[in-house]
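Here are my notes on the model you sent over. Have it open while you read, and go through the points in order.

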Amino acid sequence: MRPTTPQAEKAPTTAAPGRHARREGFEDGALLTVEDVHVRFHTRNGVVHAVEGVSLELSEGEVLAVVGESGSGKTVFTRRVMGLIAGSRDTEVSGTVTFDGITLSELDAKGLSKVWGKEIALVLQDPMTSLNPVKRIGAQITETLILHQKLSKQDANARAIELLRSVGLSEPERRVRQYPHELSGGMRQRVTIAIALSCSPRLLLADEPTTALDVTVQAQILDLLGDLQSRLGMAMLLVTHDLRVVRSRSDRIAVMYAGRIVETAPTKDLFDSPRMPYTEALMNAVPPITGPNHVRLAVIPGRPPDLLAPPKGCRFSPRCPYAQDRCLTEEPPLRDAADLPDGSAVEHSYRCWYPVGTPENAEARRVNVERGETAAGTPVTGEMVPA
Amino acid sequence: MPDSPKTTTTTSLEKAAVTDRDAIDSEITSADLDLVEPITGATATEPAKARRSRTPFGWYLAWFWIAAIVISAIFAPLLPLWDPAVPDYNNVFGGITPQHWLGGDTLGRDNLSRIIYGARASLLVGLCAVLLGAIVGGILGMVAGYFRGRTERVLALITDVVLAFPGLVLIIAIVAILGASLTNLIVGLAILSVPTFIRLSRATTLVVTQREFVQAARAYGCRPMRIILREIAPNVVMPVAAYGFIMVGVFIVVEGSLSFLGLGIPPPTPSWGGMIAGGRTQLIEYPHISLIPAAVMFLTVLSINYVGERSRKLFEVRESNL
Amino acid sequence: MSSTTDSSVVLEKPAEDKPSEDVVLRLEDLVVEFPAGAGQIVHAVSGINLEVRRGETLGLVGESGCGKSTTGRAIMQLPKPTSGSVHFDGRDLASLSSEEVRKLRPKLQMIFQDPISSLNPRRRIPDIVGDPLVVWGRGAEKAKVVPEVLRAVGLDPEQVADRRPHQFSGGQCQRVSIARALVLEPEVLICDEPVSALDVSVQAQILNLLEDMKARYGLTLVFIAHDLGVVRNISDRVAVMYLGRICELGPTEALFDAPVHPYTRLLVSSIPSMEGAQRGEVGTGEMPSPVSPPSGCRFRTRCPLATDRCASEVPEMREVAPGRFTACHHPILDTPVEAPLPAAVAGDHSTNGTAPAPADS
């Protein structure tokens, strides 16, 4: 830990209760600050606008979930934050990523390697690819310990066993001598978590950590991550496509669509009153696990936008049931929900001209239902979105 | 990025991250960009490769050379050439003259004419042997890969035996028993190439058969032969063809070597290998008799290899995007 | 079927009026085994008995490796099961020659998980959809039937005419697969994880489409998936599989609201819900390898209720309430998911809440 400013010193201690009242600490209290990040790929067929002006901040001890479908840019964004995507002849990057006062986006590979694994750790989707198949589990854990913490071989070994135990692996003494293929998927993911935690990082980046796992194991791993996160006071950036898994496991959610953040809010607030029609539609599209079956699911028409030629105006307008003429021409900025009549004071912003739950929205919906289609020409029926 | 304010930093990062780039880019392509492809069919390929693959000059040069050789070989009888088999006693060991552009050989036959007629033999051997080997090997490989079981084991055994047999000995045996002729040479080379084509085709078939469209075809009642021909073959043809193209170059060289040893096409039919062999006794005094056909063979094989290798790569990139 | 989850009325009798009792597909003692190298055998499916009624949607759920997809393929005879029988329309497919099976295939169709890999990249969409017709000598009908089916699955026949699969998104490819399966007007459609490769927003489109097609073509669906929310929404009855065996079978809502088998309970309580937290406690461990499954009840290594009897005796499938079957020696009766397990039954094996539990091999 190296607090740089008085504010930063204050932040960790108040992390738990003061999570939602973080406005004043925007610059100094944040552990990770991402500002106006753009990533563009120049391809034979044109420019892919993968990430467009994403800004985020993550405080010490906070869990921020980035949710998006394929093509939303969440993977590219995460890789940019990790420094795995750098500018080159055909990759254009801009914006800054700051971690605890260090500007990661300006570091070279050597500088990054000092931060990576030590202060920021990574858990990826497929544990089989992040583990070396020809090395024993023990060696893979001790490697980072010896490198970053300058431990002796014996100490590192003892610490490895201890780490494996702390991530809930049975018989850790036996596991250190095994190879990755001898473990099941869930156990492998536990090992990658143990490796990630080996140097007590302050920030954990988890990119779809449970997508490759079964439901029952998924719950175990998510609980483990949550438990370790609160016990060690780590901040966590949880990237996922599944809104459901972050419902009870994040403090704040940022929803991405077509390379942009379209809504960000504290988790409870987002679920209670989503403002962005896309967020609302995403929630309704998930089949419910209570109530009657054979329910007609609310459908988001069309498909994710083509990032080579994103739609003008609001990126969601071609699929949005509320779309009006304005949505097709003018892209909405990130707006603050506190300005809405029924908006709460919490940090909640969205990117929509006709936010859900407002009279404007109800009016837009009425207009669209009346003419049978949105301004973008998408058919609308009366029962499309449940109230 | 001319307008990026951080040009200096990004270039240093670029160097640092260059090793990871390819892997990451392709991952992104599959993970995030696949579903946003436009309906026009344009595929958001890996950006790095897309830029690098601006067609180089050599590509056109290689095609030009191949086209020149093939066209002149096909239309040789129509060209105003000397008869390649008739000696001109004024042209024995002849140098470059307005009558004989590339001089004459040990018997005074016209070199240019013999190179062009020799191209017919060389290309015929290369193309026919490969075509025969690819068709036989391709079909056997698909059968082995689709049916598995005993069929596959028997074919694997045959493949291993043929591959273990020294190729030169086989050719010598064929020539010794059946006599040296163009057909026998083609058959011999085709036999040698069949095992490799079986392996390639079988491996591709194994991968393709795993894909669900083959399962679906079985599920709606397609018979095996139809599945192999309609579903599998179109996916096996491309890799086999790309490999076959490279094999043409190899076989041209093999034909040259065999003719050099006297096992190839019997004289007086001109062939490149035979021409090189014919000039070898006068190599010091009259090097052009051997060196000109050698240079032509070298350039032809180089062009074929270059074109083959490059189309294989292009094909692979496209395949990975499917 | 109202599902006001009142804990007192847990095992309400399901209203069995929609699907008839006419059994269209019956699996008897279905066993599928594969060689796993080194003389070992993968026991993918170990003795399944199941009846699918005409017009119903039967969900088949379980985690990866439980044998649900293998069961689906065994029904299709791709490949033939190791032993047991598959009765379809009164004939045992497993005992028929491959030519006789082939003749029945148009009535029994399947759609697959990977929408992109399901379509031959080198063929055009109308050819792909029309190919089953050509195979069955009805190529002449192609021009009429194919556009009709394409329109039914929500694709514009004009627009797709000249295109190949890679020009489409995953959701559109899955529509093409569905069209190809429907072109022969089958009786039974086996859906093997049809939406798990798709984005949530597209998933709903395909699920609604399947419901529409079921109504339009009068299909019987066998819906195989690992996503419980999806299965719950589309199925009339659900069979839960674990390590090659069925552990519970029952009407969807009843099964999800008050699971009888401890594994179903674990599965249901692990679903992250849109409404809030988990519905119950999180289990421990993972599914053992199907190469060497545990003796007796296969779930006993992870079961909080396991006793010695579970290790020695394979539980038989039995009816514990009308329409509800389970293969368990200690079925959980009268306890909804949200409530804790009764302590008396749970004994000393119950797991301890939030602490990271040891993952066992």
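**Notes on the model**

1. Just past helix α9 of chain A, G233(A) adopts a positive phi of about 65 degrees. Helices here are DSSP runs of H or I with at least four residues, strands are E runs of at least two, and both are numbered from the N terminus.

2. Before going further, a caveat: this is a predicted model, where local features need pLDDT of at least 70 and side-chain atom pairs count only at pLDDT 80 or more, while totals for chains, interfaces and linings use all residues. Residues count from 1 along each chain as its sequence is written, and chains are lettered from A and ligands numbered from 1 in the order in which they are written.

3. Back to α9(A), which covers residues 215-232. Its 18 residues reach 26 Å from first C-alpha to last, close to the 26 Å expected at 1.5 Å a residue (the expected span is 1.5 Å times one less than the number of residues). Since 13 of those 18 residues are buried, α9(A) is largely enclosed by the rest of the structure. Buried means that 20 or more other C-beta atoms, placed from the backbone, lie within 10 Å of the residue's own.

4. Chain A as a whole has 14 helices and twelve strands. Of its 387 residues, 56% are buried. Among contacts in chain A with a separation of 6 or more, 63% join residues 24 or more positions apart; a contact means C-beta atoms, placed from the backbone, within 7 Å.

5. Within chain C, domain 1 spans 23-235 and domain 2 spans 264-361, with bounds from an automatic or database domain assignment. Their contact takes eleven residues from domain 1 and eight from domain 2. On the domain 1 side, β2(C) gives the most, four residues.

Notes. Contact = placed C-beta atoms within 7 Å. Buried ≥ 20, exposed ≤ 12 C-beta atoms within 10 Å, placed from the backbone.
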